[in-house]
Amino acid sequence: MAVHKLILDDAFDDALYTLIAIHCRLEDYRLAYLLNKHLGIVLARKASDLDFKNGQVSYSIFEWENQKQLTVWSLVSNICKTTELKQSDNTSLFDNQEKITKTFQLLPEYKTVNYFLKIDSEISLSKEKYILDSILSIPQIATAYSVDSSELKSKENLIFN
């Protein structure tokens, strides 16, 4: 019997994209509005969020497809908080339910980042600097910086389509 061996290359390693980490306390829709205003883009909320762990964890995502430059811009939340009710084991007169909040990150190696802006295209360093400067000019944003995608351990989480 012949043995067939399939070698699957990580196709995402070859994908060209720019990833920008954004630290801010804004709600996702407010950040999308400010990015649209300062960058001249048209981010819109997708009909469905990114679901992980069989729908237990979801991340909001805004997207804009630029037909002229053949690029896709995606703003995705890095943090998802879920609340579970835990039944206490005490046998008392009243049942006490304890709320437990769990926090999950889209990219766990960047736990403090609130949002990521992913641009599915190879852009020049000058354009990337212009985008970063425009983002940093927004007063509500604490900081923003480029992320080296070759160092990411969980880059498969950045496949949105």
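Student: How does the lining of the largest pocket divide by class?
Tutor: There are 6 nonpolar, 4 polar and 4 charged residues in that lining. Keep in mind that this is a predicted model.

Student: And how much space lies in the largest pocket?
Tutor: About 390 Å³. Of its 14 lining residues, Leu26, Ser77, Ile79, Asn114 and Tyr115 are the closest to the centre.

Student: Which strand supplies the largest share of that lining?
Tutor: That would be E7, with 3 residues. Strand E4 (57-59) also supplies at least two.

Student: What about the second largest pocket, how much space is in there?
Tutor: About 180 Å³. Its lining has 13 residues, and Tyr17, Thr18, Leu19, Ile123 and Glu128 lie nearest the centre. Strand E1 (18-24), H2 and strand E10 (141-147) each give two or more residues to the lining.

Student: Where is Glu128, and what does Glu128 touch?
Tutor: Glu128 is in helix H2, residues 125-136. Not counting residues up to four places away in sequence, Glu128 touches Thr18, Ile123 and Ser146.

Student: Which side chain of opposite charge is nearest to Glu128?
Tutor: Lys129, but that one is 11 Å away. Glu128 is buried and has no salt bridge.

Student: Switching topic: is Trp64 buried or exposed?
Tutor: Trp64 counts as buried because its relative accessible area is 18%, and the cut-off is under 20%. Trp64 sits in strand E5, residues 61-66.

Notes: Residues are numbered from 1 along each chain as its sequence is written. This is a predicted model: local features need pLDDT of at least 70, side-chain atom pairs count only at pLDDT 80 or more; totals for chains, interfaces and linings use all residues. Side-chain values use heavy atoms; hydrogens and water are left out. Helices (H or I, at least four residues) and strands (E, at least two) are DSSP runs, numbered from the N terminus. Buried means under 20% relative accessible area, exposed over 50%, partly exposed in between (1.4 Å probe, protein chains only). Lys and Arg count as positive and Asp and Glu as negative; His and the chain ends are not counted. A salt bridge is a side-chain nitrogen of Lys or Arg within 4 Å of a carboxyl oxygen of Asp or Glu. Contact means heavy atoms within 4.5 Å. On a 1 Å grid over the protein atoms alone, a cavity is a set of points where a 1.4 Å probe fits but cannot get out, and a pocket is an open set with protein on both sides within 12 Å along at least five of seven lines; lining residues have an atom within 4 Å of a point. Grid points are joined across faces, edges and corners, and a volume is the space filled by probe spheres set on the points. Ala, Val, Leu, Ile, Met, Phe, Trp, Tyr, Cys and Pro count as nonpolar, Asp, Glu, Lys and Arg as charged, and the others, Gly among them, as polar.
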